[in-house]
Amino acid sequence: MNYKEWNLEAAVQPSVQPETIPETEPERQCYFMAKAKKLVAMQSARAGRPLTCCIRTFGCQMNARDSEKLLGILEAAGYVPTEDEDADFTLYNTCTVRENANLKVYGRLGHLGSLKKKHPGMVIALCGCMMQEPQVVEKIRKSYRFVDLIFGTHNIYKLAELLTERLERESGMVVDVWEGTDQIVEELPTDRKFSFKSGVNIMFGCDNFCSYCIVPYVRGRERSRSPEDIVAEVRRLAADGVVEVMLLGQNVNSYGKNLKETITFAQLLQQVEQVEGIERIRFMTSHPKDLSDELIQVMKDSKKICHHLHLPLQSGSSRILKLMNRRYTKEQYLKLVDKLKTAIPDIALTTDIIVGFPGETEEDFLETMDVVEKVRYDSAFTFIYSKRTGTPAAKMENQVPEDIVKDRFDRLLAQVQRISSEVSGRDVHTVQKVLAEEVNSHDSRLLTGRLDNNTVVHFPGDPSLIGKIVDVYLDEIKGFYYMGTLADVQGGKIQ
Ligand code: SAH
Ligand code: SF4
Ligand code: F3S
């Protein structure tokens, strides 16, 4: 829901006395949004200008979606969004999946501190996955005392309440990080980055505990939203002009297993498919161990589900996969890929691969190279293994020396890129449906959009086409993207 259509005054129940703080959600947060709005209006009157807010998002699609919700709440409280970090309220939504994500935040925090020296009324807030790590919060308390507000991944819906506390208190650090929750609060405002496409959370948390991964510790146990709530949100999005939804979860294939009335992910997809106005459905991420035949069939039969699957491999060595606790072997993965390609011949596959997991030998690495060669991914995100404190892999012996990892990483990247440039061009000289997404950042005469299979296309076009699905003739492949021409102006070549 766009915050602009979200009626704050109506949401604060007239029956509620100003002194009575509602105990149930979302009424409680509505109350605090109204309260924060008054405090922000007072500060704004004193300053003689509107108050601004800026959110910087690190990490994955989950964090991106959370940031839209956080922005919705800040706007409901009266802040005006800006891209400039020198704002009245600046929030970092952090990621900790690899150490460099973590270091990036510390690096930039120093800069925020110096901005605050020149802008004393500034409120600096930190949230997201990094804040779920006690040692991080400790470090910030000690070394970054200018931070005003810290909260975690389980209580982002409480931003209005925490903000009110901070604005009323005017000094000192407010810290509210929860270890876990089983609560899912629906019906709060959001402000989407794109008017025509949106992420939709279908589940939160992760129960897989891959041995290298910190996500289950910082995002908590797996919780699925009810299909009714999801479909209702997709309907509202469609009514608001959204044509593409991306269903989000750390492992969408286990969706619904912990609901009272169990439902499979494939069944959920069929319900989402019924929503009029939605033209494209994507989802992320699929764990290979849980990908069912039912899902393949539903994808095959669907008119809306995109022919793109992100299927993280992590390693091609069955021995390493076991140590990673991924619960599939190289052979099972390859068999699954075969099944997918047989059922949906034009499917685009993408993946994530980790290089240098503890104990990885040259033979193990060559198994990974072998899978890459056999599957022929459209693209692959390649990562150097990063040791995360608290995960089982961090205690494993045989951490691989840096120079060996770097050499393997370079070889893998070269192979991934070579294959990607060979595969990506398969639709050249055909007309394809493209969702026009934005004006090209290098050349404003061009629009940039995506094919159903997620490949990027640049083509000359008017910005009024943004958000529309148009027919584009793909003239040329340039590495990983196409240059195209709108089919109706392109004339002769189509026939
Ligand atoms: N739930 C998703 C992944 C989320 S994290 C899934 O299972 O596919 C995104 C990617 O980050 C992972 O797929 C993995 O490749 C990478 N990653 C996670 N932990 C890592 C670590 N400790 N070091 C390096 N890469 C890591
Ligand atoms: Fe991490 Fe594994 Fe969960 Fe993905 S499935 S978030 S890699 S623990
Ligand atoms: Fe990072 Fe948290 Fe996503 S650790 S990858 S932002 S779930």
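1. A residue is counted as near a molecule or strand if one of its heavy atoms lies within 4 Å of it. On that criterion, the residues around ligand 3 are Gly59, Cys60, Asn63, Cys95, Thr96, Val97, Cys129, Arg219 and Gln250. With Ala, Val, Leu, Ile, Met, Phe, Trp, Tyr, Cys and Pro counted as nonpolar, Asp, Glu, Lys and Arg as charged, and the others, Gly among them, as polar, the shell around ligand 3 has four nonpolar, four polar and one charged residues.

2. The model is a predicted one, in which local features need pLDDT of at least 70 and side-chain atom pairs count only at pLDDT 80 or more, while totals for chains, interfaces and linings use all residues. Residues are numbered from 1 along each chain as its sequence is written, chains are lettered from A and ligands numbered from 1 in the order in which they are written, and side-chain values use heavy atoms, with hydrogens and water left out.

3. Around ligand 2 one finds Cys206, Asn208, Phe209, Cys210, Tyr212, Cys213, Val215, Pro216, Gln250, His287 and Arg326. By class, this shell has seven nonpolar, three polar and one charged residues.

4. Ligand 1 has 15 residues around it, of which Gln250, Pro312, Gln314, Asp352 and Ser386 come nearest, and by class its shell has seven nonpolar, four polar and four charged residues. Gln250 is also listed around ligand 3 and around ligand 2.

5. Which polar side-chain atom lies 2.7 Å from an oxygen atom of ligand 1? That atom belongs to Gln314, and the pair is a polar contact in the sense used here (a pair of N or O atoms within 3.5 Å; within protein, one must be able to donate a hydrogen and the other to accept it, and residues adjacent in sequence count only if both atoms are side-chain atoms). A nitrogen atom of ligand 1 is 2.8 Å from an N or O atom in the side chain of Gln250, and a nitrogen atom of the ligand is 2.8 Å from a polar backbone atom of Ser386. The protein covers 90% of the 540 Å² of accessible area that ligand 1 has on its own, the areas coming from the Shrake-Rupley method with a 1.4 Å probe and, for residues, with only the protein chains shown counting as cover. Strand 13 (348–355) and strand 14 (379–384) are the elements that give two or more residues to this shell, where helices (H or I, at least four residues) and strands (E, at least two) are DSSP runs numbered from the N terminus.

6. Two strands are said to pair if DSSP finds at least two bridges between them. Three bridges link strand 12 with strand 13, and His310 has Thr350 of strand 13 as its bridge partner.

7. Strand 10 (residues 244–248) and strand 11 are joined by five bridges, and Glu244 is partnered by Arg280.

8. In the hairpin of strand 18 and strand 19, which has two residues between the strands, Gly479 takes a positive phi near 70°.

9. Some backbone details deserve a check. The peptide bond from Glu25 to Pro26 is cis, with omega near 10°, and Pro26 is found in the loop between helix 1 (8–11) and helix 2 (27–47). The bond from Met284 to Thr285 is also cis, with omega near 0°, Thr285 being in the loop between strand 11 and helix 10 (293–301). Arg376, a residue other than glycine, has a positive phi near 55°.
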